[in-house]
Every structure is written in structure tokens, then in C-alpha cells.
Amino acid sequence: MLAEIRCSKFRRNPAQFKSGLNVITGDNVATNSIGKSTFLMVVDFVFGGNTFLSTNADVISELGHHKYLFKFRFDNREFYFFRDTGNPDRVFQCGSDYTSEGSIDVKEFREFLQKHYNLSPTGLSFRSIASLFTRVWGRDNLNPKRPLDPAPKARGSDSIEFLLKLYLSYNSIEPLATQYHHHEDKKNAIKKAQKQRVIPQISKTAYTISTKRKQTIDEEFSEIRKELSRSSLSISKLSSKEVKEIKFQKDDLTQSKIKLESRLNRATRSLKESRYITSKTFKPLKELFPGLDTERLSQVEEFHSAISRILKKEIEESIMSLTVAVNTIDEEINRLDDKLSSLLKDLDNPKPIIDKVYSLAREHEYISSTTQFYEALVKHEAESKKFKIELQEETNRQLSNIQNLINEEIQTLTAQLYGEQKKSPHITLNTNNYTFDVFEDTGTGTAYANLILLDLSVASTANIPVLIHDSVLFKNIENMAVSRILQAYNTLKTQIFISIDETDKYGEAAMRIIDANRVLDLSNTSVLYTKDWRRKPQEAPNSGPTRI
């Protein structure tokens, strides 16, 4: 739990806290801007939050960067830290006199809090829980109709997952979710690859035809084995890896030879069709145009002849190179043929059999590769559908348990606040969203009262490390209801921080609870900080005593 906060800029030090309810009070005329909400944001800051830096930027602009020193107590051990507004990404570890002994990243500090508040089993971060239940003016989580949204326009599915984890119900769902997403990802990957033509796409009809053809090939292989057995030739020799490899190499070489011969033929034609431009070519022009510059034409003839010689030389070199390449391929093909003949020398006429086996093997391989993608797609589609149904059923079962747990607690609290006849708000959970319904009274006071009831119900039924409620939530709630809300706060073990003003109007029972749990009293003449920037400097009140 948080035990204390100190700051050289506070008018009173230290602010010390206890488990359960901690109350920050304002005056009885509800004076604004005295530091109630700001102090709650400071509490959030020492819990590893960052909203204080933006929402309360005026504090830093008026006071300059400053430190907040704070102490946590866990299992009778005390841990001392400070956090500087000028270096908020580091949290400094201290001795009991708040002298720095090193620093850790703020993320590590949050992990420290997660561990010591025993939140690791939830799989949620400390901040995801603390932030949602820190409801202070200026934050984005004060919408009474969407109390479980961490931010405006948040996805309902995120809030549902949050609740499942908070109530330790996600453990039975996660394996199903993992399996569902695994098969869904595989299914989508295959479809995407088919769409982009990376792998072949076939229909169910084509798959049926292919599998029948595959069966026919298997039968043909069986017949060939029998025939070869009669010829005392091992089928393993025919279908050996070496024989297949030779056939593949020959195919590749043959294709390369065809391309090279095509280029060779084009080069040969180009050489035969090349022509020089001679003076005879210009003779008809000279007769038509007696004034034609023959010297200029001679230069053109000379230039073209030079170009032609260069091109002819390049073509001849290309022909020579291509001829060598074709001859090399022919030699390699002959070598492979000799090697194949050597492997199959025991057969009277091996080539037709080899070609048949080779052709069938290639077709069999293509069909297998094509059909296996179809089979994989069908498999992952079926598994995805199966796990989706199981996931929905288990999720609905767990959500039903959580829903009943919260609603029963809300109903109990509503009866305590308003009597048995009052209809209580009701939360409805489904796999993708939730609703928080308020019946009959839709006024602002009732809306915020219902929000508080939800928080109290969750704090009563799940592990919430801290609950922070600002005075804005109490403004329009009936006085008697506020008094009973204070009683409900006072029964919880969760460490709670609230700010409230106009306390006298809530009655004696409420005042007893407030006085017993007051940790800070602020007023128009006793604001939170040593500087009051609501006033001109000379009008600032004198500093108060050094303790609360």
C-alpha cells in the first residue's frame, strides 16, 4: 500500500495514508482550485501514471520541476522512492531519508507494483487496472454509460478481455483463443497465398478429380512394379533419386539449349541481313538534287560503314559465344545420357519405361502438392470453426459468472443506499461488448452514483490495487446516498482515495467516517501548494503548520 507522499512544494508534509479509505476534504463552500483533484493526480503520479504531467501542467509551469517523495509498505517492509517531474521516465530508489540509491525505468517500477500487489496472475499490467479506476476530473474515464472503457472510443472487446483477466477467468479461455487464432491465421495465410498465385488454388470438384487421378497413377505404378519384377529389375533403381535427378537436369539443359539456339539464329540472321551504305545509294539523289553536298554524304557513308563494322564484329563474337554454349550443353546432355544408360544397362529397352515412370512421378508430385494445400485449407477451416464455437461457449460461461457476481453486489449496495424497492443498475456482458443500464432515474447524480456502485462492486469481488474517486462524482448525489456510499467505502480492504467537500451536509454518520479517515484538509486559505497562483503574489495566504 502507499504509505506517504512528501513534496517540498506542499504546504503541509507529509501526507500519510493507511489501508482502506483515505479522504481529502475541501471546505463547506465547495471552493474550487484548492488542490483536491490535483492531489489525487499526484497520487496517480506516484503510482506510475503520467496524466498529472499533462492535465496539471499549470503546477509545473508555476512551481517549476519538482520531486514527489513517497513510501510503499508491503508485507511489513518499506520501500522508498522519488519521482521528478523533470525526469518522469525514471523512478529513484531511496533509503529511509529519501537519499537516492539509484534509479529504475518507470516501466520497471510499474512491474514492481504489479508484483507486490499480486496482479501477475491476472496477466494485466498494474497501470491498466489502476488507470481505469482512477476517476478524477480531467481524465477520460468519467462516462457513466461506459464505465469500463479505458479511453473514449475504446473497443468493447478490450473491456471484456480486461474483465475476464481481472476475474482470473481468462485462463480457461486463452488455450481455446490460441488454437482458434492459430487455425484462423493458417487459413488466411493459405487463402492469401492462393489469391496471389503463390500456391495453386483448386475447387472441391477439381480436388475430387485430382485425387481420383492420383489413385490411378498409384495403380499404374503398381503395374510397373509387377512388370519390372518379372524382368528382374529393381523398381528402386528405376525410381532412384539419381535417375530422377538426371531427368530433371536434362530437362533444364534442354530448355536452356532451346533459348540459346533461338538467340543464335537471330544473331545469324542479323549478320546476313546487315548492309553497308555506299556511294551508289546516293546516286539517284544526286540526279534529282544536283546541288546535294556529296562531301557531307561521303562523311555519312564513312560513319555508317564504321558502325556497321563494329556491329558486325559484335554479332560475330556473340555467334561464337552462343555456339560454344550450345556445344557445351550438348556435351553435358550426352554425358547425362551415357550415365543414364549405364544405370539402366540391364534393361533391353529402358527409355520408354523410364519416361513413363518419370512422367507419372512428375504428375503425381504436382497433384500431391496441389491437393495438400486444399486439404490443409479444409482442415484449418474446420478447426477454426470448431475452436471458435468452443471459445464462444466458454467465454459466455465465464462472462455469465462475472456478470452475476457484479450485478449481485450492485443490487446489494443499491438496497443499502436506496432501499429494497429501488431498481439497481445492471451490467450485461457479451463476447464483444458490454452495456451498463440505468433504470428510471437518468439524472447526473444517479448516473455518477451508479458508476461508483460499479467500482465498489468490482473492488469487492476482484483484486483492485487502488480506487480513486474525485469530488465531481459526489456533487449531484443525494446527501443520504453519499453518506451510505462512505459507509460502503469504509468496509473495503482496497486502498481508496476520495476527495469531497461540503461535508457537513452529509450528516453525523458521514462526518464520523470522514474525520476518522481524513488525510488532508484543504480550503480557500489552505491550498495544496506553497504558492497559490489563483491570487496575486502579495495576496497568497501564509504557510500553515508543517503537518496535517
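**Pockets, sheets and one buried aspartate**

1. Helix α1 gives the most to the lining of the largest pocket, with four residues. The largest pocket is lined by 25 residues, and Ser 33, Ile 34, Gly 35, Ser 37 and Thr 38 are the ones that lie nearest its centre. On a 1 Å grid over the protein atoms alone, a pocket is an open set of points where a 1.4 Å probe fits, with protein on both sides within 12 Å along at least five of seven lines, and lining residues have an atom within 4 Å of a point.

2. On the basis of the values, this is a predicted model, in which local features need pLDDT of at least 70 and side-chain atom pairs count only at pLDDT 80 or more, while totals for chains, interfaces and linings use all residues. Residues are numbered from 1 along each chain as its sequence is written, and side-chain values use heavy atoms, with hydrogens and water left out.

3. The space in the largest pocket comes to about 560 Å³, where a volume is the space filled by probe spheres set on grid points that are joined across faces, edges and corners. Its lining residues divide into ten nonpolar, eight polar and seven charged; Ala, Val, Leu, Ile, Met, Phe, Trp, Tyr, Cys and Pro count as nonpolar, Asp, Glu, Lys and Arg as charged, and the others, Gly among them, as polar.

4. The second largest pocket holds about 450 Å³ of space. It is lined by 17 residues, and His 181, Leu 391, Thr 395, Thr 431 and Asn 432 are the closest to its centre. Helices α6 (156–166), α7 (174–195) and α13 (350–418) each supply at least two residues of this lining, with α6 giving the most, five residues. By type, the lining of the second largest pocket divides into seven nonpolar, six polar and four charged residues.

5. An open sheet of five strands has the order β8-β11-β12-β3-β13, and its pairing is parallel; two strands pair if DSSP finds at least two bridges between them. The edge strands are β8 and β13 (518–521), each of which pairs on one side only. Strand β8 (134–135) is joined to β11 by two bridges in the parallel sense, and Arg 135 stands opposite His 469 in β11. Four bridges join β11 to β12 (495–500), with Leu 467 opposite Ile 496 in β12. Five bridges join β3 (21–25) to β12, where Ile 24 stands opposite Ser 499.

6. Within this sheet, β11 (466–469) has Val 466 and Ile 468 pointing one way and Leu 467 and His 469 the other, and all are buried, that is, under 20% relative accessible area with a 1.4 Å probe and protein chains only. In a regular strand the side chains alternate between the two faces of the sheet. Strand β11, helix α15 (479–489) and β12 make a right-handed β-α-β unit, meaning that, with the strands pointing away from the viewer, the path from the first strand over the helix to the second runs clockwise.

7. Asp 501 deserves a separate point. It is found in the loop between β12 and α16 (508–517), and it is buried, with a relative accessible area of 3%. The side chain of Asp 501 makes a polar contact with the side chain of Lys 36 at 3.5 Å, a polar contact being a pair of N or O atoms within 3.5 Å, of which, within protein, one must be able to donate a hydrogen and the other to accept it, and residues adjacent in sequence count only if both atoms are side-chain atoms.

8. Six strands form an open sheet with antiparallel pairing, in the order β2-β1-β4-β5-β6-β7. Strands β2 (15–16) and β7 (100–105) stand at the edges with a single partner strand each, so one side of each is left without a neighbour in the sheet. Two bridges pair β1 (2–6) with β2, and Ile 5 stands opposite Ala 15.

9. Three bridges join β5 (77–84) to β6 (90–94) in the antiparallel sense, with Phe 82 opposite Phe 92, and a hairpin joins these strands through five residues. Strands β6 and β7 are antiparallel over four bridges, and Ile 104 in β7 is the bridge partner of Val 91. They too form a hairpin with five residues between them, and Tyr 98 in the turn has a positive phi of about 65 degrees.

Methods
Buried < 20%, exposed > 50% of the residue type's maximum accessible area, 1.4 Å probe, protein only.
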